[in-house]
Amino acid sequence: MMSGSCQKQLIVTADDFNLSEGVSRGIHEAHQHGIVTETSVMVNLGDLRRASEVLAEAPRLAIGLHLNLTRGRPLAPPRAVAELLGHDGHFLGAPQALLPCIRAEAVRAEFRAQLQTFVQVFGRLPQHIDTHHHIHQHPVILEALLDLAMPLKLPVRGLDPHMRATIRARGLGSPAHLLGDVGQEPYWTISRLASTIRALEAGITELMCHPGYFDEAIAYSRYGRQRDV
């Protein structure tokens with residue numbers, strides 16, 4: 001996931017690998033039989049070893065890290081990230097629940113733990129970094145993410161022109177354009193996808209999508225059944 005050029009290039013990233021078995025299976029099939037070129041993996045959920053085995057069957061699928069502070073349990077010591085957790089020891093469930101004044105060190109601790117886990121399981125660095133629920137819109141979280149990415153020169157998903165400029169000012173790659181959304185109705189209909197690809201701008205575009213098979217593990221989500229579509 002690099003910065004732009006004068007040519008049109010497209011990355012198709014399926015978010016949320018390892019959110020559930022059904023989501024992982026759907027992403028794998030969307031790569032094998034469709035146009036998905038990259039996925040981002042959640043490392044604090046599910047059966048990560050099994051996820052790594054599935055991804056090993058897709059050597060051409062690029063694998064990034066989907067940093068997560070909203071679902072599941074932390075990988076850092078709970079005392080180090082207490083302000084990110086509810087009374088049950090899990091993350092708070094939604095980006096809106098994150099405090100405006102969270103400590104950067106708490107975020108860094110969890111991000112470091114998730115990166116270390118990714119490297120331990122996959123034996124290499126991720127090919128890019130993005131976040132679940134786009135939590136790096138939070139200024140403290142963005143700074144912590146960039147502190148993690150900079151020494152390793154890891155590309156970062158930029159959500160808007162201002163964020164992309166911030167990322168690139170740190171010497172990191174970020175696609176020139178980001179497309180995709182979620183909602184109650186299917187976002188990537190065939191007609192919308194075809195017209196979007198025809199209208200791509202110059203440079204690298206990342207098309208974000210959320211394929212997957214509905215299962216009980218994601219029944220909590222209003223978007224769960226749209227992944228099938």
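# A tour of the model, stop by stop

Select Val156 to begin; this residue lies in the loop between H4 and H5. Helices (H or I, at least four residues) and strands (E, at least two) are DSSP runs, numbered from the N terminus. Residues are numbered from 1 along each chain as its sequence is written, and side-chain values use heavy atoms, with hydrogens and water left out. This is a predicted model: local features need pLDDT of at least 70, side-chain atom pairs count only at pLDDT 80 or more, and totals for chains, interfaces and linings use all residues.

**Stop 1: Val156**

Is Val156 buried or exposed? Val156 counts as buried because its relative accessibility is 0%. Buried means under 20% relative accessible area, exposed over 50%, and partly exposed in between (1.4 Å probe, protein chains only).

**Stop 2**

Select the strands. In the order E4-E3-E2-E1-E6-E5, 6 strands form an open sheet, and the pairing is parallel. Two strands pair if DSSP finds at least two bridges between them. Which strands are at the edges? They are E4 (129–131) and E5, each of which pairs on one side only. On average, neighbouring strands of this sheet are turned by 30° against each other, direction ignored.

Go next to E1 and E6, which run parallel and are joined by 7 bridges. Thr13 stands opposite Met208 in E6. E1 also pairs with E2 in the parallel sense, over 3 bridges, and here Ala14 stands opposite Thr39 in E2. In a regular strand the side chains alternate between the two faces of the sheet.

Stay with E6: 7 of its 7 residues are buried, so the strand is mostly covered. E5 (residues 177–179) runs parallel to E6 and is joined to it by 3 bridges. Leu178 stands opposite Glu206 in E6.

**Stop 3: His177**

Select His177, in strand E5. Its relative accessibility is 17%, which is why His177 counts as buried. Leaving aside residues up to four places away in sequence, His177 touches Arg164, Glu201, Ala202, Ile204, Thr205 and Glu206. Contact means heavy atoms within 4.5 Å.

**Stop 4**

Select H1, which has 12 residues. From its first C-alpha to its last it reaches 16 Å, close to the 16 Å expected at 1.5 Å a residue. The expected span of a helix is 1.5 Å times one less than its number of residues. The buried residues of H1 are Gly22, Val23, Ser24, Gly26, Ile27, His28, Ala30 and His31. What covers them includes E1, E2 (38–41) and H2.

Then select H3, which lies across E2 and E3 and runs at about 150° to E3. Axes are lines fitted to C-alpha atoms, for helices over the stretch in contact, and angles run from 0 to 180 degrees between N-to-C directions.

**Stop 5: the core**

Which members of the largest nonpolar core touch the most other members? Of its 57 residues, they are Val41, Leu69, Leu84, Phe111, Phe122 and Ile141. Among the elements that give two or more residues to this core are H1 (21–32), H3 (104–122) and E6 (203–209). H3 gives the most, with 9 residues. A nonpolar core is a set of buried Ala, Val, Leu, Ile, Met, Phe, Trp, Tyr and Cys residues joined through side-chain atoms within 4.5 Å.

Finish on Leu69. Not counting residues up to four places away in sequence, Leu69 touches Leu84, Phe91, Leu98, Val107, Glu110, Phe111, Ile135 and Ile141.
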